[in-house]
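Subject: Two-chain model, handover

Hello,

Here is the structure I promised to pass on. Please open it first, then read my notes below.

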Amino acid sequence: MNTATDPARSGSDATVRTEVFWGVDCGSAEIKVAAIDREGRLLTTRRCRTLFPLVEHVHRSLAGHGDELSAILDSDRAELPPDGRQPSLRPGHKVFATGYGRHHLGFVQGQLTEIKSHYLGVQHQLRLQQDYTIIDIGGQDAKVIRATPGRVEKFAINRKCAAGTGSFIEELAHRLEVPMHELPRLAAGHDKDLTLNSYCTVFSGQEVIKLLMQGERVENLIHAMYRSVVKRVLEMTAIDTDTLVFSGGVMNHHPILMPLFAERFGTVRTILAPNAQFCGALGAAIHGLNEESDDGLPNHQ
Amino acid sequence: MNPSTVDVGTAAVAAADAKQVMRDYFADLGAAAKDPARKVAWCTSVGPAEILRAMGFEVYFPENHGALLGATRVSAETIPVANAQGYSPEICSYLTSDIGACLKGVTPLSKAYGLDGVPRPDVLVYCTNQCKDVMHWFAWYARRWNVPLLGIHPPNHLPEVLPEHIADVASQFRRLIAQLEAITGTPLDPEALRLAVARSREATDLWESVLDTARTRPAPLSFFDGTILMGPIVVLRGTQIATDYYRTLLAELEAKVAAGHAAVPGERLRIYWEGMPVWGRLRQLSDLFAGNRATVVASTYCNSWIFSDFDPAQPLESMARAYLKIFINRDDAYKENYIERLAGEFGIDGVVYHAARTCPNNSNSAYNLPQRLAAKGIPGIVIDGDLCDLRCFSDGQSTTLIEAFLETL
Ligand code: SF4
């Protein structure tokens, strides 16, 4: 849906066969891009912080992949065309957008929600044959997607607050004065299960400070923080599948979360999606590939 | 008249007429407030307006003002003023918008209808069939302006409306009438009451028929149109003006149906909206659904002013029954059956539940109702938001939730 095709854009010149499909995942924290060929093979990925003007930073992310691959000629990379026009794509390239900023890129050939794109990115890579649940934890949101091999059945997104997302972990790391990359190692040294109660990131920070004052070990607090993330995500919706697939940058950097999720369910199969941070961008590219077909049918899957 | 010969562009005219009807209504209210010979009563939106009309009061509805404050986004300036006076950000944002506006001395009625301010009341009449916030709200004005405060307190959240409930409310109405007679100095004319109830019944039946035109595929009007077109049924119940207005509107919509006119061209999905409108985001939400070729064809909100029980032969008893039976005053099983029935009748593909932060009374997603209806094959999505307080609403998140939901249907 919402796949508006504008043939005036150079990337959708009807006379040129599309060779490269780009997906851009405009998250509120990071822009991620991924490119695939007509066979659905991943060609490249890139990510950068979400900065503004958005279109300029997306433009940069689509360039600099080498002259063979870049959607925007490297020679054009440095700046946007003057007068704020949207960038022109090289013939044979199409771009599809997902994520929070998806409506704000005028030059793309289509857009889809991050729910559908994450599902497509995961299913394309894993080709699961059973029902499963995707848990995606990003910088500022968390998603739970109940999926079958053919479609998204239902989904939930975190409500209102950063609790259960990467921002929460970042804030507590800051409170504890521990570098982010040290968190998983320290958590492994915990010797006690502590609980943080609050929904609220600020109140959780206060809970942590109070526990520190009471002499609790930092390791136990970090472990409690991870358990809090798990709790926040699990209260979003009831999970009823045996297979959990994890995606998103937070999971990539904090793999300790996976067994914490698994232990809430007894025996479950947990899978970290390949290219976990790029599932949304990849899914957007797959969506583009599915949309395009010589015979009018999806040419993928 | 052969409907096919009617210009199908006329519903736009009806929308314009709604504006004219509202302009006349406010102009008259403004005049009444300045005229010592006329009396103004404030009434809650599903309160006993017919009694007030029959007793010669001009009737003003503060909830309508709340909606206007929300739609014009003046609320953003006025809610914090009420919050700072101890009216919590967690309570009805109509209340906080309106009290804040009074404290600040602003009203969108000035710009929209040329009024100096809200019309000062001679009496405040609330009914807690919808919530208790209205009682606290009107009490503030009673203290501020030293105006009599009269309340109807019906039994709430009923599985069934029983004769004893009706007897209770009818007797409260009788006491209210006596209290109002003391204010006007004139006894209620039973014929005038019968007439007001008859007019309300006629208008509400027409309003129901208007909403029912959306059963057609494609629907000729959407919930978002409904939120504008409903003005007269809220504020002019009991008058001939409302009846005349809805008769014209219905004819226009029937012509549109005959001509196959679609509110959303290329209608692909049909949605039920559960809960309050997000007044400050009507246009954006309307565009969002239309952009996805989805029409919101039915809603709890617009249906809340259908009162099929009004009966001029038994004015007080039938008013008691009608005002007790409203959706908001019923138990969860009733609500579940109601939405299920409408989903069938309107060919609904999915339900969008608006969980309004400051109105739990009009939010029905917190007690597992979406899950129960989903188990019956009526999928739904819950969006967090509010009627007036946009601090509780995220454009990005709601857009993603709604679009992703429509993708799954
Ligand atoms: S029902 Fe809700 S919106 Fe209406 S007055 Fe009561 S609290 Fe406010």
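A salt bridge here is a side-chain nitrogen of Lys or Arg within 4 Å of a carboxyl oxygen of Asp or Glu. Keep that cut-off in mind for the interface. Note also that this is a predicted model.

**The interface**

Which side chains meet in a salt bridge? They are those of A:Arg102 and B:Glu403, with N to O at 2.9 Å. That distance falls within the 4 Å cut-off, so the pair qualifies. The count between chain B and chain A is one salt bridge.

Two elements of chain B each supply at least two residues of the side that touches chain A: strand 8 (380–385) and helix 18 (395–408). Helix 18 of chain B gives the most, with eleven residues. By class, that side of chain B has seven nonpolar, seven polar and five charged residues.

In contact terms, 19 residues of chain B meet 18 residues of chain A. The two chains bury about 1,500 Å² between them. Carbon and sulfur atoms hold 53% of that buried area. Within chain B, the residues that lose the most area to chain A are B:Thr400, B:Glu407 and B:Thr408. Together these three make up 35% of what the chain B side buries.

**Chain A as a whole**

Chain A has nine helices and ten strands. It runs to 301 residues, and 53% of them count as buried. Take the contacts in chain A with a separation of 6 or more: 63% of them join residues 24 or more positions apart. Chain A exposes about 13,300 Å², with 50% of it supplied by carbon and sulfur atoms.

**One residue to look at: A:Gly92**

A:Gly92 sits in the loop between helix 1 (54–62) and strand 4 (93–98) of chain A. Is A:Gly92 buried or exposed? A:Gly92 counts as buried, because its relative accessibility is 6% and the cut-off for buried is under 20%.

What does A:Gly92 touch, leaving aside residues up to four places away in sequence? The residues are A:Val16, A:Arg17, A:Thr18, A:Glu19 and A:Val20. For scale, A:Gly92 and A:Thr241 are 149 residues apart in sequence, and their C-alpha atoms are 40 Å apart in space.

Best wishes

Methods:
Residues are numbered from 1 along each chain as its sequence is written. Chains are lettered from A and ligands numbered from 1 in the order in which they are written. This is a predicted model: local features need pLDDT of at least 70, side-chain atom pairs count only at pLDDT 80 or more; totals for chains, interfaces and linings use all residues. Side-chain values use heavy atoms; hydrogens and water are left out. Contact means heavy atoms within 4.5 Å. Buried area is the accessible area (1.4 Å probe) that two parts lose on being put together, summed over both. Helices (H or I, at least four residues) and strands (E, at least two) are DSSP runs, numbered from the N terminus. Ala, Val, Leu, Ile, Met, Phe, Trp, Tyr, Cys and Pro count as nonpolar, Asp, Glu, Lys and Arg as charged, and the others, Gly among them, as polar. Buried means under 20% relative accessible area, exposed over 50%, partly exposed in between (1.4 Å probe, protein chains only). Accessible areas come from the Shrake-Rupley method with a 1.4 Å probe; for residues, only the protein chains shown count as cover.
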